[in-house]
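User: I am new to this structure and would like to learn how its features are read, one at a time. Could we go through it together, with the general idea before each case?

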Amino acid sequence: MNLIFLGPPGAGKGTIAIMIKDRFSIPHISTGDIFRAAIKNETPLGKQVKSILTSGDLVPDEITIKLVEERLACDDIVNGYILDGFPRTIPQAKALGNFTHIDYVINFVINRESIIKRLSGRRIAKDSGKIYHLVNNPPKREGFCDETGEPLIQRDDDKEEAVINRLDVYEKQTAPLIDYYSTMGLLQDIDAAPSPKVVADSLIPLLKL
Ligand code: AP5
Ligand code: MG
């Protein structure tokens, strides 16, 4: 099953992808995670995109499209995949349509006030990839990952100025994908406001092939 998770920053795309990926034995492919890993490892890609991610702008389409095309050529997508954070522009969506087919586009619907609360309270563990929230999903020991014990950090782009820019970028460049995929008959809206468990449970019945 080939899925796209579409939605504004902080809607819970990564959180829900991590919760359901094993149920369908499909990998969670987050372009944001790939870029952050490249930055952490100081690869040429990481050096190229670091300041773009910090500001909340989008990485140029050519770079992102090539990266996803290569990732979707890997053997682990035999049962499908969850694409989280890609496509984010109409050119990316058109390119994607040339090298794969999509079964469903899940559109995470949430208001701006909730987004800001979620992003300002988010903390992440870089090595385990786990996502926490100071209030909604705190770790057992404050400030440290339950799985690896590593210190939790705040993403650079979760600081206020970058959040405002990301929301703006989303409205201008990514929200038009809602109409694009709706016209293709692929879009399924999901209410992303309830707890992660409720959101994940409401998603499963939509995914009938
Ligand atoms: P990316 O990493 O994709 O960031 P994003 O889209 O801004 O989304 P987030 O990761 O911020 O939010 P999320 O929806 O995954 O929410 P989460 O589950 O963490 O991209 C980062 C950057 O990379 C971009 O700005 C751009 O520069 C670049 N990039 C990436 N893809 C690109 C592309 N295709 N083209 C060009 N550039 C690209 O949850 C958020 C918080 O809320 C957490 O604290 C979580 O615990 C909490 N939470 C989650 N769900 C719930 C719930 N149901 N109830 C209560 N709390 C919840
Ligand atoms: Mg994410």
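User: With which side chain does the side chain of R155 make a polar contact?

Analyst: A word of care comes before the reply, since this is a predicted model. A polar contact is a pair of N or O atoms within 3.5 Å. In this case the side chain of R155 makes such a contact with the side chain of D157, at 3.0 Å.

User: Where is R155 found, and is R155 buried or exposed?

Analyst: R155 is found in the loop between β6 and α7, the latter spanning 160–174. A residue counts as buried when its relative accessible area is under 20%. R155 has 13% relative accessibility and therefore counts as buried. When residues up to four places away in sequence are set aside, R155 touches R36, R122, I124 and R166. Distance along the chain and distance in space can also be read side by side: R155 and T54 are 101 residues apart in sequence, while their C-alpha atoms are 8.6 Å apart in space.

User: Which residues does D158 touch, not counting those up to four places away in sequence?

Analyst: D158 touches L119, R122, V163 and R166 on that count. The place of D158 is in the loop between β6 and α7, and its relative accessibility of 4% is why D158 counts as buried.

User: Where is the place of C145, and with which residues is C145 in contact once neighbours within four places are left aside?

Analyst: C145 is placed in the loop between β6 and α7. Its contacts, with those neighbours left aside, are A125, S128, K130, Y132, E150 and L152. C145 has 4% relative accessibility, so C145 counts as buried. As for separation, C145 and I77 are 68 residues apart in sequence, with 28 Å between their C-alpha atoms in space.

User: Turning to the ligand, which of the residues around ligand 1 come nearest?

Analyst: A residue belongs to these surroundings if one of its heavy atoms lies within 4 Å of the ligand. There are 36 residues around ligand 1, and T15, D57, R88, R122 and R166 come nearest.

User: Which elements give two or more residues to the shell around ligand 1?

Analyst: They are α1 (13–20), α2 (31–40), α6 (112–121) and β6 (131–133). The largest share of the shell comes from α2, which gives 4 residues. Sorted by class, the shell has 14 nonpolar, 13 polar and 9 charged residues.

User: How many bridges join strand β1 to β4, and in what sense do β4 and β7 pair?

Analyst: Strand β1, residues 2–6, is joined to β4 by 4 bridges, and the two run parallel. Within this pairing, L3 stands opposite Y104 in β4. Strand β7, residues 187–191, pairs with β4 in the parallel sense over 5 bridges, and the bridge partner of V105 in β7 is L187.

User: What can be read from the backbone angles, beginning with the peptide bond from F86 to P87?

Analyst: Omega describes that bond, and from F86 to P87 the bond is cis, with omega near 0 degrees. P87 is placed in the loop between β3 (81–84) and α5 (90–99). Phi is another angle to read: S25, a residue other than glycine, has a positive phi near 50 degrees. S25 lies in the loop between α1 and β2 (28–30) and is partly exposed, with a relative accessible area of 46%. E42, which is not a glycine, has a positive phi of about 55 degrees. The place of E42 is in the loop between α2 and α3 (44–55), and at 57% relative accessibility E42 counts as exposed.

Key: Residues numbered from 1 in each chain as written. Chains lettered and ligands numbered in written order. Predicted model: local features only at pLDDT ≥ 70, side-chain atom pairs only at ≥ 80, totals over all residues. Heavy atoms only, no water. Nonpolar A, V, L, I, M, F, W, Y, C, P; charged D, E, K, R; others polar. Buried < 20%, exposed > 50% of the residue type's maximum accessible area, 1.4 Å probe, protein only. Contact = heavy atoms within 4.5 Å. Polar contact = N/O pair within 3.5 Å; in protein donor to acceptor, adjacent residues only side chain to side chain. Pairing = 2+ DSSP bridges.
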